[in-house]
There are 4 protein chains.
Amino acid sequence: MFNSYGNIVRLTSYGESHGKGIGGVLDGFPSGIRIDMEFVQAELNRRRPGQSKLSTPRKEDDEVEFLSGIFNGKSTGSPIGFIVWNKNQHSSDYDELKNVYRPSHADYTYQVKFGTRDYRGGGRASARETIARVVGGALAKLALRQLGIRITAFTSQVGGIKLEEHYTAYDLDLVESNPVRCPDPVKAVEMGELIMQMKAKGDTIGGVITCVIKGCPIGLGQPAFGKLHAALAAGMLSINAAKAFEYGDGFSGLTKTGSEQNDVFYNNGGRIETLTNHSGGIQGGISNGQDIYFRVGFKPVATVLMEQHTVNVDGIDTTMKAHGRHDACVLPRAVPIVEAMAALTLLDYYLIDRTTQL
Amino acid sequence: MFNSYGNIVRLTSYGESHGKGIGGVLDGFPSGIRIDMEFVQAELNRRRPGQSKLSTPRKEDDEVEFLSGIFNGKSTGSPIGFIVWNKNQHSSDYDELKNVYRPSHADYTYQVKFGTRDYRGGGRASARETIARVVGGALAKLALRQLGIRITAFTSQVGGIKLEEHYTAYDLDLVESNPVRCPDPVKAVEMGELIMQMKAKGDTIGGVITCVIKGCPIGLGQPAFGKLHAALAAGMLSINAAKAFEYGDGFSGLTKTGSEQNDVFYNNGGRIETLTNHSGGIQGGISNGQDIYFRVGFKPVATVLMEQHTVNVDGIDTTMKAHGRHDACVLPRAVPIVEAMAALTLLDYYLIDRTTQL
Amino acid sequence: MFNSYGNIVRLTSYGESHGKGIGGVLDGFPSGIRIDMEFVQAELNRRRPGQSKLSTPRKEDDEVEFLSGIFNGKSTGSPIGFIVWNKNQHSSDYDELKNVYRPSHADYTYQVKFGTRDYRGGGRASARETIARVVGGALAKLALRQLGIRITAFTSQVGGIKLEEHYTAYDLDLVESNPVRCPDPVKAVEMGELIMQMKAKGDTIGGVITCVIKGCPIGLGQPAFGKLHAALAAGMLSINAAKAFEYGDGFSGLTKTGSEQNDVFYNNGGRIETLTNHSGGIQGGISNGQDIYFRVGFKPVATVLMEQHTVNVDGIDTTMKAHGRHDACVLPRAVPIVEAMAALTLLDYYLIDRTTQL
Amino acid sequence: MFNSYGNIVRLTSYGESHGKGIGGVLDGFPSGIRIDMEFVQAELNRRRPGQSKLSTPRKEDDEVEFLSGIFNGKSTGSPIGFIVWNKNQHSSDYDELKNVYRPSHADYTYQVKFGTRDYRGGGRASARETIARVVGGALAKLALRQLGIRITAFTSQVGGIKLEEHYTAYDLDLVESNPVRCPDPVKAVEMGELIMQMKAKGDTIGGVITCVIKGCPIGLGQPAFGKLHAALAAGMLSINAAKAFEYGDGFSGLTKTGSEQNDVFYNNGGRIETLTNHSGGIQGGISNGQDIYFRVGFKPVATVLMEQHTVNVDGIDTTMKAHGRHDACVLPRAVPIVEAMAALTLLDYYLIDRTTQL
């Protein structure tokens, strides 16, 4: 019930960081979509640890193996099963975690909820779980591409360093030109330096990812509980370490008045458009044809390589210090994950919208 | 599919602002809960227009009529049907809206999506739809009360005026002591004045509602896609005019380091607790027994009583000016709606958690 | 969770036989369908008690009041709320049932499950619950009519009296020409006489309803768990007193061999059809364009006006004798309910099928 | 959406007969259940082709590999991923099927629905898909065993040869004593001979499987659309080749009167029970503590090794003759599949029932 995402297009994921692998099943994916295997693998590579000096030195090859649902290079409409086998796992890194609850991790809540937990690398709570999302999202992007819908996310803030301008001021084609995945090359350098400082200290830092969706048709989303932005929010906040979501002007628009913030309609050469886009491309929960954009806040990674107070599994106060290979900042590698959740959501809502009129 | 909320406890809502009424069905509600009718009506009264000079002068009596599922004063486990009949609707206020698309409303997106729309008062997109949520939420609160779970929301920001302290610095019992529903009486006066200024100008203003949940047991929420905060985010962003959601430290925690922001565990007289609560009571998507708190940003109401540019239904540029009786600020009346969505979510996740272990 | 039926088009029902009324919400119904109110009421009249001497003398007017989702005579795509107010309920007929569990009714199982029950007329377990299905089904029929899909059910067996021929041997236009709703006028008389005999004795009798769907496009249904006939079975067996379901040749086909029972394909003037239709119009769970037909078995009504042994609510052995106005045979009035569940299922699966290919 | 089964406990399956394997994900399975690997494999062996001379000579080893959700021999509450790798597939057997539609198979309906099909062995429509059900069902049985719920299915009819007595007349411990899986050793021999005759001719034959559930607690199932028998029916009719379902007295009870068929309650040494069990252990959709029993009818396998008329993919009339290794009768191997679907349904409804009262 809870390891599935979506309504018509539904991704079910499974797997633990130190089990056999991370896999998923994408059900309800339309038939007849050409599956570009290199693209899917390239998306996984964007998520992969060890891709730059900014990320953890863990090397995870993360090759996807498709198990079903594809025949002669195209989707068949049957569920697409896939797995990424775990390799290079150092389970022994976690032996000492067997008996303590790491601060701000899921160790304690899992133990109470389930009466047991897989303490190796966080088990199911590991960020490796997002592998299934990236694979599913890559497939969704292939379908969206046929519909002219394009999704681009980027790092817009790391710690106190942030892009000052609206996304429209940047060339989003530059996002992949630096390891931070920031379209402002100067800020990217600053962000990268901050991450390296954190890494040196064994500390971590959070930030913001902005996501922009272009080419979305009018009409996606549902009134009441199925608002498109509510679905996007649920998708984004289901990503590990995500703490905040805003779309359009978000929190910053609250200090403006209605007359300042309304997006007036005008006829743009025969097409109804809005002069401004404070609404973030969604009005009344339904896409209005303008760019959809939103921001997702990620907390600093909880694993710091410093001594911290905590309790052990018997509830006795103690201290612990994490070892192993960890990210000092999750943002650069979370960019493709944000895109993946957006792609899954958009494709699902696109198909749902097809049922609105006979 | 999209006018329902929840998994086990599921609220389905229906009705338009200028139709016969706003109703709902609450299914999966546990049997044997004593239904305190006065409490339910009191919750509706907190949402009602015309309750103070701050809100629209529209008088809506909004009395709930229960249609099923209650016998001898208690819930029976059968679906609870209910309706609030519309009265005092001035549909003629909307005649002139038949042919124009109001800026930042759902008029245009509805028309494209459904090929038709009920132009009287926004139809289904009206804020009156939230009546069903408040009724359902009031019932959920009655069940949660038995479990010791208490939910309190309050206005923490209106335009640029905001509470500077963490929620723990305020006496939440004061929330209902002023029409703004702000626990700081001084700020409440300032906020009220700002709202009255907006009203005088025919303009509107947004703000932030903070919600605090106390007494939540450990273990609510699911890993991966069913994280408790993701469910809360979806619920909150399904409320009209909501644009942003953050829990725990949210966006403001992103500039801190992991070592600053981690919540270390300690043994508090035999109970495992956290020294700080940057996590907002949720770790790994699962409640940890600390207070859950989150903030929801609401944009200024789109209906301003000023002339605005727009297009008509033929796509021709024109201007329009809204008349009628509208709120200058939605925040005070949205407080019980935020609580209602939180209550529905918590009860649903409480019941789901019961299925975790045999 | 369990008072809703369907995926895209979803009917939620509520109400008890001796409460205020029986209502429902039809969500996901396509916009732009003209709502023929007289047709909906006529469908309700086909289900109504007291429509002929064969059925209970209870007079239930059962007029539907629509509460939302219809504007200017057409569906808007918003949820369609409706209610049929209870009138002429004789709750006092049931006072003596407060303390006993009626044999083969839901009294005892409800009491154990919910810890309480509404003993007036069976509460939620009453056959009046099917009112919501007939209203929802009538709306679905209006949409299916636009698609050329026609559903006809009829009584094919009462007790030991049954139609000997395949449905294709009868003129289904005759179904509504007699109160039994049987297309064979001679058998209809016999069935009617059997029902009257039962009524005279205070006893009851069961039977079979056959349902035929013509004009169904190819492709409705899903492999694996979403087979079209599995959905139809679930819909039919959710009707009170239904005990059995078979489609195509059903149980009677099991004694034939594969070579006898296979439906061979042939080119019928450019259209691929099957020479025979043992498959009942569904192959691999997916409609193949031939007539869909199935049979639903209904047990004799449990309420007999004779003394029966039972236990009281304290578990003590006792006897009881039902009074009041009851049907001796549910079949004639169940015909429109079978059609309604079929219509809801077909419309849902038609819309789902639209999401199969981009 | 449609390759998943269940609400709380949800099995998602994937895989084609001639792809890499058949797999599944069991989500919502309770934590802390000891996973008896030998039992799971033994259940798979009961389904396996080639286990006796009655079934196809295809040898499929069908070893299950678990991928996640189990740690230190127990379920963790995380999704349990698994796969059975395909081996010994003779895809070339199917090359000639590329261009024809096999009668009474899903070839044609798949092609129209999806615009494509995997013609090797039926692709997703293959009976190998049931492997995922047997694995999921075996896990469910392990949980049900802790609750004292036992499920036994058996072959009660093959062609015209059937058990004449009610299931209570047989010793169900004898079911596994013969390859037909029939508790009557004499009838089992007759059934086996009939199957061998069919095999010799290249023809096939259908039959009936009866399933009995003992030890089910009172209260499982939901009123209205979630009746326990409706869920069982949907589960059973989602199995390939299933055409009919009846529970309790089913079709045969329809010729009896209400006074004959009602199950009167009595106090059996302090426990409320029914004297008879025509109801099949379910009243008002809810289990009443008596044995649950139902019958599932399976048509003869569509693959006959005889020349049949059909059309090719261009719609041109032609003939075809299947080759390869096929079952002459699916019943013996379908017994564990029926049990598996029953087990998944029962566990799901058991957990749902836990949410009924606070």
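Analyst: Start with one term. Buried area is the accessible area, taken with a 1.4 Å probe, that two parts lose on being put together, summed over both. Chain B and chain C bury about 3200 Å² between them by that count. Carbon and sulfur atoms carry 58% of it. Keep in mind that this is a predicted model.

User: What area do chain D and chain C bury between them?

Analyst: About 8000 Å², with 65% of it on carbon and sulfur atoms. Three residues supply 12% of the area that chain D buries against chain C: D:Phe2, D:Lys113 and D:Phe225.

User: How many residues does each chain bring to the contact of chain D and chain C?

Analyst: Contact means heavy atoms within 4.5 Å. By that test, chain D gives 106 residues and chain C gives 106 residues.

User: What makes the pair D:Lys113 and C:Asp353 a salt bridge?

Analyst: The rule asks for a side-chain nitrogen of Lys or Arg within 4 Å of a carboxyl oxygen of Asp or Glu. D:Lys113 is a Lys and C:Asp353 is an Asp, and their closest N and O atoms are 2.6 Å apart. That is within 4 Å, so the pair qualifies. The rule finds 2 salt bridges across the interface of chain D and chain C. There are also 45 residue pairs in polar contact between these chains, both residues at pLDDT 80 or more. As for residue classes, the side of chain D that touches chain C has 46 nonpolar, 44 polar and 16 charged residues.

User: How do strand 11 of chain C and strand 11 of chain D pair?

Analyst: Two strands pair if DSSP finds at least two bridges between them. Strand 11 (residues 242-247) of chain C and strand 11 (residues 242-247) of chain D are joined by 3 bridges, so they pass. The two strands run antiparallel. C:Phe245 stands opposite D:Phe245 there.

User: Why is the relation of chain B and chain C called a two-fold axis?

Analyst: Chain B is superposed on chain C by a rotation of 180 degrees with 0.0 Å of shift along its axis, at an RMSD of 0.0 Å. That is the relation of a two-fold axis. The same surface serves both copies here too: 100% of the contact residues of chain B recur in chain C.

User: What makes B:Lys20 and C:Glu65 a salt bridge?

Analyst: Their side chains meet at 3.1 Å, N to O. The limit is 4 Å, so the label holds. Chain B and chain C have 2 salt bridges between them, and 10 residue pairs in polar contact, both at pLDDT 80 or more.

User: Which elements give two or more residues to the side of chain B that touches chain C?

Analyst: Strand 2 (10-15), strand 3 (21-27), strand 4 (64-66) and strand 7 (80-85) of chain B. Strand 2 of chain B gives the most, with 5 residues. By class, this side has 13 nonpolar, 16 polar and 9 charged residues. Chain B gives 38 residues to the contact, and chain C gives 38 residues.

User: What makes strand 1 and strand 4 of chain C edge strands?

Analyst: Look at the order. An open sheet of 5 strands in chain C runs 1-2-3-7-4, with antiparallel pairing. Strand 1 (4-5) and strand 4 (64-66) of chain C each pair on one side only, and they are the edge strands. Further in, strand 2 (residues 10-15) and strand 3 (residues 21-27) of chain C pair over 6 bridges in the antiparallel sense. C:Gly15 stands opposite C:Ile22 in that pairing.

User: Why does the salt bridge of B:Glu339 and B:Lys141 tie together parts that are apart in sequence?

Analyst: First, the label: the closest N and O atoms of B:Glu339 and B:Lys141 are 2.5 Å apart. B:Glu339 lies in helix 7 (residues 331-353) of chain B and B:Lys141 in helix 3 (residues 130-146) of chain B, so the pair joins parts 198 residues apart in sequence. Over all chains, the structure holds 72 salt bridges.

Key
Residues numbered from 1 in each chain as written. Chains lettered and ligands numbered in written order. Predicted model: local features only at pLDDT ≥ 70, side-chain atom pairs only at ≥ 80, totals over all residues. Heavy atoms only, no water. Least-squares fit on C-alpha atoms with pLDDT ≥ 70 in both. Polar contact = N/O pair within 3.5 Å; in protein donor to acceptor, adjacent residues only side chain to side chain. Nonpolar A, V, L, I, M, F, W, Y, C, P; charged D, E, K, R; others polar. Helix = DSSP H or I, 4+ residues; strand = E, 2+ residues; numbered from the N terminus.
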